[in-house]
Amino acid sequence: MSNKIAADFPFKSHFIDIDNTCIHYIDESPKTKTDHMFLFIHGNPTSSYLWHNIIPFLSSVGRCVAPDLIGFGKSGKPDINYSFQDHFNYINEFILKLELKNIILVLHDWGGAIGFHFAKQNPEKIKGIVFMETFCKPMEWSALDPIARWLFKKFRDPVKGQKWNGRYNVFLRFILPLSMNRKLSKYEKQVYNEPFKSLASRKPIIKFPQELPFKGEGTLNEEIAKEYYSWLQHTEIPKLLLYARPGSN
C-alpha cells in the first residue's frame with residue numbers, strides 16, 4: 001500500500017436516520033471475518049474525510065466506521081444548539097442503532113471528548129482507545145500559548161465569535177490550514193469548506209469553541225471532563241496516545 005498522501009475519498013456513503021435528521025458515515029470491512037472494529041470520531045471543523053488516508057490501512061484488519069458529526073460533512077443540519085451534549089447524544093444513538101461493540105475508538109479533537117465520555121458510560125463496549133490532539137481533562141488558559149489564548153477568547157465571545165467564525169469563517173479558512181504541516185490541495189479545501197458555505201451552516205463551528213471545558217468555569221462540560229479524566233486514569237482498557245511534533249497538545 002502506498003504511503004503517499006492521497007486526496008480522494010474512495011468510500012461508499014451510508015446514511016442513518018436519527019431524530020428527524022440523518023448521520024452520514026463510512027463503513028468499510030475486510031474480506032475476511034474479524035472481531036476488530038474501529039470507530040473514528042473527528043472534531044471541529046473536519047469530517048469523516050479526516051480519516052481517508054488512515055482507513056485503507058485498517059480496513060484490511062477490521063471494520064472501520066467513521067461518522068460525520070451532526071452539522072458536519074454530509075450529515076444533516078437540524079435546527080439545534082449544537083452543544084457538546086447534542087453531539088454526544090447523536091453519536092450515542094448512532095452507536096446504538098448500528099449495534100456496535102468491541103469498539104476500538106480512534107479520536108481526534110472534540111472526537112476525544114465525545115469518545116471518552118461514551119467509553120466511561122459504556123466500558124463493556126470498548127476494546128481500546130486511540131487518541132490524539134484532544135483534551136483528556138479540563139483545559140487551562142495558562143497552558144495555551146498567547147496567540148491561542150487570544151484567539152479562543154475571541155471565538156468564545158458571543159458577539160465576536162459569531163463574527164469571526166460565522167461571517168468571516170476564520171476557523172475553517174485559516175486555523176485549519178495553519179494547523180497542518182503541509183499545504184492542503186484545492187480539492188481538500190473544497191471538501192472541508194463544502195458543508196459550511198452559508199452563515200447558517202456554520203453554527204456548529206461557532207458553537208464548539210464556546211463549549212470547551214475550561215478549569216474553574218463551573219460548566220457541565222468541565223464536570224464531564226473531570227469525570228472522564230478520573231476514569232481514564234483508572235480504567236484497564238488499553239489506551240494509545242499518538243503524540244507528534246509539530247502538533248497540538
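Visitor: Where is the place of S47?
Guide: S47 sits in the loop between strand 3 (37–41) and helix 1 (55–58), where helices (H or I, at least four residues) and strands (E, at least two) are DSSP runs, numbered from the N terminus. This is a predicted model, in which local features need pLDDT of at least 70, side-chain atom pairs count only at pLDDT 80 or more, and totals for chains, interfaces and linings use all residues. Residues are numbered from 1 along each chain as its sequence is written, and side-chain values use heavy atoms, with hydrogens and water left out.

Visitor: What makes S47 buried or exposed?
Guide: Buried means under 20% relative accessible area, exposed over 50%, and partly exposed in between (1.4 Å probe, protein chains only). S47 has a relative accessible area of 7%, and therefore it is called buried.

Visitor: Which residues does S47 touch, not counting residues up to four places away in sequence?
Guide: S47 touches H42, D68, G73 and Y192 on that count, contact being heavy atoms within 4.5 Å.

Visitor: Which residues is D17 in contact with, leaving aside its neighbours within four places in sequence?
Guide: With those neighbours left out, D17 is in contact with C22 and K97. D17 and E93, which are 76 residues apart in sequence, are 10.0 Å apart in space, C-alpha to C-alpha.
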